[in-house]
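Hi,

Here is the structure I promised to pass on. Have a look at it first, and then read my notes below.

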Amino acid sequence: MLMAFARLLRSGWISLLLAGAILAGALVGHAWPEAGAALGDQVDRTLLALVGLLFFGARFDALARLRGNARVMALIVGTNYLLVPAIGHIIASVALPSQPLFMTGLMIYFMAPCTDWFLGFTRLAHGNVALGAALIPVNIVMQLLLYPVFLQLYTRSAAEVGAGVMADTLLHWFLVPLAVAVLAHLGLRRLLGQARLERLLACADRLTPWLIAALVMQIFAAHVAVILEHRGLFAWILLAVFLFFVLTYFLGEGISRLARLPYPDHALLTMSIAARNAPLMLAVTIAALPGQPLIYAALIIGMLVEFPHLTLLRRLLLGRRRASEAGLARAEEPA
């Protein structure tokens, strides 16, 4: 029992970290409003550090692995950017039709596939890690470019933003840091070598959850009163996220069977559909839609459910893999 609890704790530590950040921020903002406002004033600095770390941690050289995997790549990208946002839009619209800000936050959470920790869960499920690594830079660029399109197409936010403001935000806050990250990779590889660069990228991976937690704490400290006014809607947000995970799981199962994907590609598709890119979407949204804590809160609440869900998916996938291998072994036994 203790071993099982320890494994559960390790797999869900990021959810616990985020929950702790929410609680700490809410307590500071409620008990010491001036301190909460001071923390809120640091959001831009933390945001810039998070964006830089997210882009620096991406393995851009993995793009070379795309060759020979065009069919599976097209299937994953098409599912993530056509079918999954449509499902998310339906769920968000039905769950919170009279709350456009929360609905917008949910939709932003649903529309962007993960660019970081989904790969760790894919590895744990014995999925196609090589192709998953190649997906990361593709996803980063696609979701940044599609963000304003999806925002106009799928949301009814009360926080409208002009096309010029959005383009300027994406250019200065994200596309320029993305270009700097690519140049930094090239320079550091020459200067330090691939092995030392990989160690630096691993450090960036480990630091990312802590920076996200710092950003979450600052958001809740600065806006705790507004967010807690709507706390009764949090259960609806959790229900919507749960339904999203259930429906997208069955979507992945159906596509994998129709396309006859081998198990490693099946596991990669399942994890890439399930994991959402809440850190980058939170950063984009804070920059593009400033002063909208209810939108941010919906994104953050989605993150709380995601990691336990990915842990459950890993168990389901490995159980299916073992059952399939056992069936093949029985079929090969002599009569």
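A quick word on terms: helices (H or I, at least four residues) and strands (E, at least two) are DSSP runs, numbered from the N terminus. On that basis the protein has 14 helices and zero strands.

Keep in mind that this is a predicted model, where local features need pLDDT of at least 70, side-chain atom pairs count only at pLDDT 80 or more, and totals for chains, interfaces and linings use all residues. Residues are numbered from 1 along each chain as its sequence is written, and side-chain values use heavy atoms, with hydrogens and water left out.

Of the 335 residues in the protein, 51% are buried (under 20% relative accessible area; exposed is over 50%, partly exposed in between, with a 1.4 Å probe and protein chains only).

Next, a helix pair. The axes of α5 (residues 70-95) and α12 (residues 263-274) come within 10 Å and cross at roughly 25 degrees (axes are lines fitted to C-alpha atoms, for helices over the stretch in contact, with angles from 0 to 180 degrees between N-to-C directions). That makes α5 roughly parallel to α12, a label for angles under 35 degrees.

Helix α9 gives the largest share, four residues. V176 sits in α9 and counts as partly exposed because its relative accessibility is 37%.

Cheers

Definitions and conventions: Angles under 35 degrees count as roughly parallel, over 145 as roughly antiparallel, 65 to 115 as roughly perpendicular and the rest as oblique.
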